[in-house]
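These are my notes from a first look through one model. I went from the whole chain down to single residues.

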Amino acid sequence: MIDPFGKKAKETLAEFESMNNFLRLIPNYLDIEVALDRVRWVKEGKIPEYILNLDDLRDLMSFYALLGALAFSPYGIEMELVKKANLEIYRRKISQSFDLDNLAIPIVLAGKDEIPKGDAVILEKRLEDALPEEEKEELRLKYKIHLKNLLSLSSKELSEYYIRGGYAYLTKGQLKELWESAFERNLERAVNLFYELREELPSYYLELYNRLSEIAREHFKERLERIGGEAQPLRFELFPPCVRIALSGVGSGLRNYAITVLLTSFLSYARICPNSQRRDVRVKDCIKDMSIIEKEILPIIIEAGNRCNPPLFEDQPNEIKNIWYHLGFGFTMTPTLEDSGSSTWYFPPNCSKIRANAPELCKPDKDCRYIKNPLTYYLRKLYIESKKAEGKE
């Protein structure tokens with residue numbers, strides 16, 4: 001399989017009727033070690049030959065097994081390792097067996113006479129006789145993609161491409177760059193979908209995630225030591241639109257949902273347990289004292305409540321008890337860390353629930369695409385920012 005999101009892959013997956021069925025079947029046929037071999041090789045730098053030569057079904061199973069594991073930690077270091085390793089695996093497969101029809105990217109072959117001869121001579125550098133024929137072949141504009149599809153995949157300036165009649169014409173190298181962008185986008189989209197299913201996944205995937213996490217932590221050991229782990233101060237500028245609206249204060253009909261349900265759950269998980277592996281986690285599993293909640297999280301919630309019209313806690317002073325209840329401490333005004341687990345620590349509601357229960361909060365921006373939960377929006381933005389920072393270093 002040269003692309004796990006391509007046409008042939010979709011046909012294979014269709015035989016299982018749904019992705020849920022496929023994920024449930026994988027533990028019966030695939031040893032965890034085979035899935036882990038898809039990332040272990042990064043340390044040594046050489047892809048095992050048997051991974052490159054897996055039959056199509058086992059290739060898909062081992063790839064999607066890793067994506068199922070990532071449902072427990074979207075946009076963490078585990079995601080980065082899986083993306084890095086598998087991008088190289090499929091890049092190698094494509095170079096060995098290039099098949100345009102089975103790439104998950106809307107590109108077609110350009111017609112022989114679509115580019116004026118004068119332009120072709122200049123753009124493809126055919127006048128440079130010194131170039132070997134194989135290099136000339138790489139420079140030929142043999143493929144094309146509609147501009148609307150190019151804009152969704154490429155971050156480069158349009159001046160980097162030859163554009164004519166609403167299409168961008170591409171060299172093989174440019175095509176591969178766009179495929180890599182599409183691969184990363186499709187992988188993130190799949191993990192976001194699986195994130196909603198994680199409570200329904202067999203224990204196989206949590207075990208795989210824990211093993212994957214060990215490998216990722218070893219691989220990124222120096223980085224983790226430098227940043228001091230995954231939990232970090234809140235980055236308000238990276239919050240999703242619904243959370244920013246809740247922070248600004250809302251009207252009486254939205255107050256309880258925006259502040260008590262959405263804001264309390266989002267801020268607490270984002271600050272102290274951003275990559276929770278399960279939904280029955282307790283606050284005391286993540287922190288050693290109450291200072292983060294009392295000094296960082298609760299003041300933000302109270303300020304947002306005070307911005308409401310009318311102010312939430314002036315109107316409903318007992319709602320503070322409900323805040324603690326939603327944090328998992330029971331219905332109280334004076335919780336201790338030992339009280340953690342007295343009630344459920346509510347997880348941020350999915351986007352679909354926000355749209356249904358508080359549509360005024362749901363004002364999607366361009367980064368909401370494929371996102372199913374406000375927390376994954378935030379984790380994705382954090383991930384992107386960390387990569388930018390790494391690039392600057």
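How far apart are the mean positions of the positive and negative charges of the protein? I looked this up first, keeping in mind that the model is predicted. The 58 positive charges and the 61 negative charges have mean positions 2 Å apart.

Entry on the whole chain. I counted 19 helices and four strands in the protein. The C-alpha trace spans about 80 × 45 × 45 Å along its principal axes. The protein has 393 residues, and 49% of them count as buried. Among contacts with a separation of 6 or more, 74% are between residues 24 or more positions apart.

Entry on aromatic rings. I asked how many aromatic pairs there are. The count comes to 24 aromatic pairs, with ring centres within 6.5 Å as the rule. I took the pair of Phe239 and Tyr378 and noted ring centres 5.3 Å apart. Phe239 is in the loop between α12 (221-227) and α13 (241-247), while Tyr378 is in helix α19 (residues 374-392). The two are 139 residues apart, and the pair links distant parts of the chain. Are Phe239 and Tyr378 buried or exposed? I found Phe239 buried, and Tyr378 buried as well.

I then went to Tyr269 and Phe347. Their ring centres are 4.9 Å apart and their planes are at 70°, so this pair is edge-to-face. Tyr269 belongs to helix α14 (residues 255-272), and Phe347 to the loop between α17 (319-326) and α18 (351-357). The pair therefore ties together parts that are 78 residues apart in sequence. Tyr269 and Phe347 are both buried.

I also noted a cluster linked by ring pairs. Its members are Phe5, Phe16, Phe22, Phe63, Tyr64, Tyr90, Trp179, Phe183 and Phe194.

Entry on charges over rings. I found Lys144 over the face of Tyr167, at 4.5 Å from the ring centre. I found the charged end of Lys172 over the ring of Phe98, 4.6 Å from the centre of that ring.

Entry on Gly6. I placed Gly6 in the segment before α1 (7-14). Why does Gly6 count as buried? Its relative accessibility is 2%, and the cut-off for buried is under 20%, so Gly6 qualifies. Leaving out residues up to four places away in sequence, Gly6 touches Asn102, Leu103 and Ala104. I also took the distance from Gly6 to Asp113: C-alpha to C-alpha, the two are 28 Å apart in space, and in sequence they are 107 residues apart.

Entry on the backbone. I kept in mind that most residues other than glycine have a negative phi, and that most peptide bonds are trans. I found a cis peptide bond between Asn309 and Pro310, with omega about 0°. Pro310 is in the loop between α15 (291-307) and α16 (312-315). Glu17, not a glycine, has a positive phi near 70°. I placed Glu17 in the loop between α1 and α2 (19-29). Glu17 has a relative accessible area of 75%, so it is exposed. Tyr370 is not a glycine either, and its phi is positive at about 70°. Tyr370 is in the loop between α18 and α19.

Key:
Residues numbered from 1 in each chain as written. Predicted model: local features only at pLDDT ≥ 70, side-chain atom pairs only at ≥ 80, totals over all residues. Heavy atoms only, no water. Phe/Tyr/Trp six-rings, centres within 6.5 Å; stacked < 30°, edge-to-face > 60°. Buried < 20%, exposed > 50% of the residue type's maximum accessible area, 1.4 Å probe, protein only. Lys NZ or Arg CZ within 6 Å of the ring centre and 35° of its normal. Contact = heavy atoms within 4.5 Å. Lys, Arg positive; Asp, Glu negative; His and termini not counted. Charge placed at Lys NZ, Arg CZ, Asp CG, Glu CD.
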